[in-house]
Amino acid sequence: MARSSKSARSVKPTKPSQTDAEEAVRTLIRWAGDDPAREGLLETPARVARAYKEFFRGYGVDPEGVLKRTFEETDGYDEMIVLKDMRFESHCEHHMAAIIGRAHIAYLPSKRVVGISKLARLLDVYAKRLQIQEKLTAQIANTLNEVLQPRGVAVVIDASHQCMTTRGVHKPGTSMVTSRMLGAFRSDASTRREFLAFIGMPHGIIGSNS
């Protein structure tokens, strides 16, 4: 009996249809106190459903697949590769409010490098899901480390969370910084300092335990 119960829990739920999604939006409109049948709101459910497809398109992409194509012809290049100041938008999984910020990604290649656009795409794959910033930071770093197997990976994210700037404690102008350092970036202070200098961040803010 216990086995069948476990099996039932592991079955992936059926994805709601577009019609289901639009009806859910109408329910929220009514719950908020307005009338989804009034002229200004007639097309809102369809628009919200389309927006959600864009906001959460990361669920339909394999992050490791993004990094699948790599290059070995680098003429022995083994210095730091940094892509900085990448703007991104995500949504927090607690209130579904926007997270807007910038990400900095670096790695020390071992034998292979990846096209720089793939780093931006990796960021978007994870950002376009319901997230918390700590997990987003770790997912990017861990995936890059597992697929490329470089000598080190560093990820720093600086973002503003509308769940605390537009509601709750209402603290506009604040941002949250998270980091993940792996390999040489974690063990070698000089490598970490070089990366932080590249992205314009004082090295004292982020230590070796990131």
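A: The chain has 9 helices and 5 strands. Both are DSSP runs numbered from the N terminus: helices are H or I with at least four residues, strands are E with at least two. Along the sequence the order is α-α-α-α-β-β-α-β-α-β-α-β-α-α. This is a predicted model; local features need pLDDT of at least 70, side-chain atom pairs count only at pLDDT 80 or more, and totals for chains, interfaces and linings use all residues. Residues are numbered from 1 along each chain as its sequence is written, and side-chain values use heavy atoms, with hydrogens and water left out.

The C-alpha trace spans about 65 × 50 × 35 Å along its principal axes. Of the 210 residues, 37% count as buried. Buried means under 20% relative accessible area, exposed over 50%, and partly exposed in between, with a 1.4 Å probe and protein chains only.

Now the pocket. The largest pocket holds about 650 Å³ of space. A pocket is an open set of points on a 1 Å grid over the protein atoms alone, where a 1.4 Å probe fits, with protein on both sides within 12 Å along at least five of seven lines; a cavity is a set from which the probe cannot get out. Grid points are joined across faces, edges and corners, and the volume is the space filled by probe spheres set on the points.

The lining has 20 residues, each with an atom within 4 Å of a point. Lys15, Ala21, Tyr52, Lys53 and Phe56 lie nearest the centre. Two helices, α2 (18–32) and α3 (44–55), each supply at least two lining residues. Helix α2 gives the most, with 6. By type, the lining divides into 13 nonpolar, 4 polar and 3 charged residues. Here Ala, Val, Leu, Ile, Met, Phe, Trp, Tyr, Cys and Pro count as nonpolar, Asp, Glu, Lys and Arg as charged, and the others, Gly among them, as polar.

Tyr52, Phe55 and Phe56 form one aromatic cluster. The whole structure has 4 aromatic pairs. The ring centres of Tyr52 and Phe55 are 6.1 Å apart and the planes meet at 50°, so this pair is tilted. Rings of Phe, Tyr and Trp (its six-membered ring) pair if their centres lie within 6.5 Å; planes under 30 degrees apart are stacked, over 60 edge-to-face, and the rest tilted. Tyr52 and Phe55 are 3 residues apart in helix α3, so about one helical turn separates them. Tyr52 is partly exposed at 37% relative accessibility. Phe55 is also partly exposed, at 30%.

Another pair involves Phe185 and Phe195. Their ring centres are 5.8 Å apart with planes at 75°, so the pair is edge-to-face. Phe185 sits in α8 (residues 184–187) and Phe195 in α9 (residues 189–198), so the pair ties together parts 10 residues apart in sequence. Both Phe185 and Phe195 are buried.

Back to helix α3, which also contains Pro45. Pro45 is buried, at 0% relative accessibility. Beyond its neighbours within four places in sequence, Pro45 is in contact with Glu22, Val25 and Arg26. Contact means heavy atoms within 4.5 Å.
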